[in-house]
Amino acid sequence: MLKFKYILMGSIAFGSLFVSCEKQLFESPYAQLDPAEAFASADRIAKTAIGMYDALQNREFLGGRVLIYSDIRGIDCGVPSNFGNIPNFSLLRSDDLIVEDAFIGGYRTINEANLFLKNIAIYSGIASPEDEAKYKAEAKFIRALSYFYLINLWAQPYKFTADGSHLGVPLVLAVSDKPFDPSNRIPRNTVKEVYDQIIKDLEEAYPSLPEATNTRSISDVGRATKGAVDALLARVYLYKQDYTKALEFANKVISSSKYSLEVSPKDIFTKYTTPESIFSVAHNGSDNPNTNHALGQHYSPGLRGDIQASPDFVNLMTTNDLRRKDLIVDEDGAFWNGKFTTIGDWAPVMRYSEVLLTKAEALANLASGTSVSAEALTIVNQVRHRSDASTSIVASAKSELISKILQERRIELAFEGHGTFEFLRTGRDIPAHGTAKEQKWGATTVVLPFPQAEVQQNPNLVQNPGY
Amino acid sequence: MKHKLLSFFVGSMILTSVAFAQEKKVSGRVTGADGKPLAGVTIAVQGSNVATQTDANGNYSLSVPTGKVIVFRSVGFADKTLIVKEGQSAFNVTLDDSNRELEEVVITGYGQRQIKDLTGSQGTIKGDKIAAEPTLSFEQAMSGKMAGVQIGSTGGTLGDGMSVRIRGVNSISSSSLPLYVIDGVPMNAVENVNTFNSGDGTRFNPMALINSNDIESIEVLKDAAAAVLYGSRAANGVSNISFESKITSSRPSKLIDLLDGDQFIEISNEKAKNAAPRYKGVVNVIAKESDIDGDGVNDRTNWLDEVYRTGIGYDNSVSISSGNDKGNFYGSARYLNQKGIIYKNELKSGQVRLNGDIKPTKWLKSGISLSYSKTVNDGVLTDRYIAGATVAALNAFPNVAIRNPNNIIGYNLSGSGYLGFGKNLNQINNSSVTGGNIANPIATLDKQLNQNTPEQILANGYIEVQPVQGLRVTSKFGIDYLNNYEHQYSHPNIGGLGTAYLGLIQDNFRNRNQWVWQNYINYDKTFYEDHRLSVTLGTEYQFTKEKQVYAGASNISDEYFTDIIDGTFTSVAPGTDDVMGMTGGTVFSNGLESYFSRVGYGFKNKYLIDLAIRADAFSAFGKNSKWGYFPSASLGWVASEEDFLKSVDWISYAKLRASYGKVGNSRGIGSYASRDLYQGGSYASLNGYSAYQVGTPDLKWETSEKLDIGIDFNIMNNRYNFVIDYFNNNISGLILQAKPLYTTGVPSSEVSEAGSIFMNIGSMVNKGVEFTFNMKTIEKENFTWNTSFNFTAISNKVKDLITEGVDIIEGNSVASVGRSLGTYKLRRWAGVDEQTGNPTWYTADGAVKMYNPDTQSWTQDGKATTAMTGADAVYTDKSGLPKYYGGIDNNFTYKNFDFGVSMVYTGGFYIYNSTRAALLSNFFVNNSTEILDRWTTPGQKTDVARVVLTDNQANSASDKFLEKGDFLRVRTISLGYNFGGATLSRIGISRLRLFAQVYNPFIITGYKGQDPEVNSNRNNSNIAIGVDSRAVPQPRTYTFGLNVSL
């Protein structure tokens, strides 16, 4: 018995030392992968490339909210009260949390693309050269698209100065290894520099991207294609008022014969992968950025219904117009946008009718003197007649044609994120609407503030005047 | 009655060689120094498990082998030992209470010591003080009971968490919660078991799963480590059964005064009238009378009265203990049912425990401790959730009804399932003027479910071998198995998730299992009478693994089904053919490996020295930085043992202490915080991987260097007891999930937040003084009065931050070098212009700018100017951290009555009252009555600007809403009566106590909000420390109870 107690004591005292504890205590993650694992095979790299689109679904940004911010500062939505002070120009301050979230969302999206570019360079040669080039091109497309929205929300339009030399947004094109290092205090690039980068990224992306296939699926609409690059370039040049280039890229989309107008405009927003769809951020019921941030949630009166459609906007259309009949909802004594009705709706970014209207606008502007471009008129009526064959657009002067094209664009692309951009890029004041007063073109209030916290932590970041 | 199990086996080492002695019946009476009989004194036979207790008259009897030592023991008295000799059978004993609790044994981690031998600063709270308070979790009952410890509440919803700060905020990482150790085994560090609504929905603090009746005592280690140790009541060899039954009734301690229906109509229409310039000159009457419920009169609803109620609860518990010479056990069971102060908030909890020890031979001891607890919590969504009933009740229109007979489910709901506005005009010019949808609070509470069912098993077993005298080898294994089932049902007709998904049921199973294995050797020996040596050497391994599985069902066939039932749902997204897959989950683990050693040496019980070191490795830290080494040293000098003081009569006891050491902190850190990681990131129907986190490869232990200098002294025959400590705590390598510049775009663990990275971001210091004073104010035959008072003064300063010259900002609060943590940085309010009623503020350089809501423009000295900007915010010298706090307890006994008043106070801190700002909203929502002071006529002096519909510039963040939080709160007033005597004894009852208590009866404060103690920021926010944002107030609770011992 006496011996037993020493045996027991000995086994307690030394038992633990024989246990190789580190292996048992320190485990690898079950739910995550190290970068080396995420890039370990061609199949994994394909999925990591998809992850860039997961980031593109950012609920505060291209998951849909960023489209809303342009529209609620425009004139077709009334002045909703759920989005901080974004729609209340003069009340908006730099500590607005909604603005902060949008800014964070934009750079988060860009970081995912930059991170992929960094890692694919490290783990090069594992995927096939064609796939590797394609993924890199997708990263650049996503980056360009994100900068397009950042530059148009946080900076004055390209033509604010003759050469775009006014301040834009900081260009971050690589992942920082030391996120807290002062080297991350990047100053704002000029608007021209940002546009040049967008164009460069898109031009570099183009050769490696596929054409959309005729049997449309998520890969043809929800991922970057040659058509998406051309359509975005057409828009970018239109915003630069470089009508020749805008026309060139609109024509490239049209001549690719991959796209056409869908017969029913409603179908574009319920079927998502129609011949008219060029690029959308895909969602479904299980994979939306956040139920409460889904476009359908904000617009549909059956859901949260935060945003109404203004009667002035509805009155732009005849009662025969399919966009009035199918895409406007009359409920609770008010008008609502019917493009988004469910929480799984895709966020449309570019579609064929926009390209047609871009072409029409470019042609109308390029027409010599005060002449009316007949081709522009034909094209804009192509868009009109798809929804309303009973009326036609006519114009007797160049300026009248341009303004009618812009109005058709307003009707056609309403609630798809073009609202305030349309006024700013064309040098027009934003008219008074709801409780919002008229905002003069070039006023400090027409651009968003940089988040107060960011400005305080980055002394190189010059705040927009007035905030 | 409160005894430490282990105290029976330390202390006197007298052993007898009599193997099988005669049993002898011994009896007698135990009295105090005043000659009064002492009830509940334990009489135990040393070296065996034979024991008994005195009855109400101080009488006892037990059988003792001759030659054995018997020990008389009671809290507050020095032990008395006697040797039972042949021929003696009656022992009348007087216990001496002059040495207070110096002889008592406290747990210090991997062992236990007598208080008089301690060289560190450690506080103790007795379990009966904890159990006496009607709080669900024991931490709150610690409030005001111990110097240096500050307890805050996150609200009065059942199961809400607490913030526990020991000598200030010691970390700004996600957790400055102390480490909880039960029966020597560290517990799971979880603040909230629930995960839905990003943890902002129903909260449940797992500490509420501990039966506070089981707590023997709580020890707080203040200098060596911020740790709270507590031992459960253990077998003490006494056969005893006691029952306790309590009934409670609770009301919110204070509610905000809101506008009634008539006032609401007046104010709302004034807002609209003043907003004519905003609405193109149209003057709208927006607030109108409605009769939605069809009762023939205009609707009026006081929503706060509907949502808050009187909560009734009962709490029954029983405990039994028994023992014989080979073992003892303690068992307890408790069942409680509480209806909270919020309608539909209800909690039921059952808790059982069994502790047992066996001692089959002299050299071997072994025991197990096992507890199981289950709670069914019907939670409610509150402050952090905008559709929360308590938030909606603040905004809801008082001129609409709760119910509408024409609605499909009978409530006043709009087409989208939110509160119906009746005839009120909720939009002007196609713009909503209500600032968003408002939930119908009652429909929400009636029809939706936010339940959780946590279960916890705490179990540990140990074996202790004593091969030679003084040497003990212990191995102890413990588990903490925490299981939570969370269940949320969103009704298809109620706005939000329910309408979006045509009914949604979400379930989450969370399973967190932690095991700890400790092996240690203790050696205690006294050499040549004067030299006492104690050595501890050991290892500890800890492993935690958590698994969560989530399932959801939507598009439910009928509101009858509120659980996930086969075939009752389609999960088809409304308006599509999309079937939503709603399953998810996660798994993670982390480990801690530790080696420790301690050497203590005492000379003549006068000079004490203690040296310790531990080495810990935590899996979340970087490969090369995961080990931390934490040495400490402490000295003690019992001056009263010196000859020159022995002669000083009035000094009973005096000890000087000093300690200095390093302590590491790893709590609140993500399990893999040092690694760059990808996670699953699907894109609609495509699988993918996207960035999960940016790691910090050299992430290391947060380290505190703690200095403590203290003095303990008792004077006038121990009648007055003082403890004074000075402390200085330098914390370096502060770990924070810090946000780099947004443009770096790093991923975020929370979708709604900016990306962040676990980093060692800086250093800070907490220093201060603690003072405790206990006094036997009056000690008379039939009347006693005891007073204890404690006071802590503390200051905090941030010394260093990762990016030089750049603050870490959270809301309106900052961590800024040279300032106290939680310093407010705000724009300065300059008042309401008397002539126009427009709001004005000071710019950073002191100029006054005025905002005109009619023109939506700014003026300075009458001239147009630019808007106030972020740069106009200035540092205040005010912080959310208190400068001082403490408590005062007074206890009286008169004959069989006892009466106690316990108070807590906190001062020198400021609260940002964002509730007040929100309730002055110029949206078309209800307001607090403060808005009745709004400006209406030129020349009027007021602080509330002219009301203008939808223009909230006047309520934007400024120091207008920064308020002093100082308060003195009477925490409890209690009254008890002890029945005793022959009648009770005859029916077999040794003790019967009736008691009544009021908890939170009143508070003295200048704070305008509901409750200065309630902080809507939980522990994970140590920068924005003092924000009041629509939190639920703490309840005022009346308790009536009965306690019976057989």
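Helices α16 and α17 of chain A run roughly antiparallel to each other, because their angle falls in the class over 145 degrees. This is a predicted model, in which local features need pLDDT of at least 70 and side-chain atom pairs count only at pLDDT 80 or more, while totals for chains, interfaces and linings use all residues. Residues are numbered from 1 along each chain as its sequence is written, with chains lettered from A and ligands numbered from 1 in the order in which they are written.

Let us stay with that helix pair. Helix α16(A) spans residues 352-366 and α17(A) residues 374-387; helices here are DSSP runs of H or I with at least four residues, strands are E runs of at least two, and both are numbered from the N terminus. Their axes lie 8 Å apart at an angle of about 155°, where axes are lines fitted to C-alpha atoms over the stretch in contact and angles run from 0 to 180 degrees between N-to-C directions. Among the contact residues are A:L356 and A:L363 of α16(A), and A:I379 and A:V383 of α17(A); contact means C-beta atoms, placed from the backbone, within 7 Å.

Now for the meeting of the two chains. Here 90 residues of chain B are in contact with 96 residues of chain A. On the chain B side, the largest share, six residues, comes from strand β28(B), residues 583-603.

The chains also share strand pairing, which requires at least two DSSP bridges. Strand β1(A), residues 32-33, pairs with β32(B), residues 677-680, in the antiparallel sense over two bridges. Within β32(B), B:Y678 is the bridge partner of A:L33.

Terms used:
Contact = placed C-beta atoms within 7 Å. Parallel < 35°, antiparallel > 145°, perpendicular 65-115°, else oblique.
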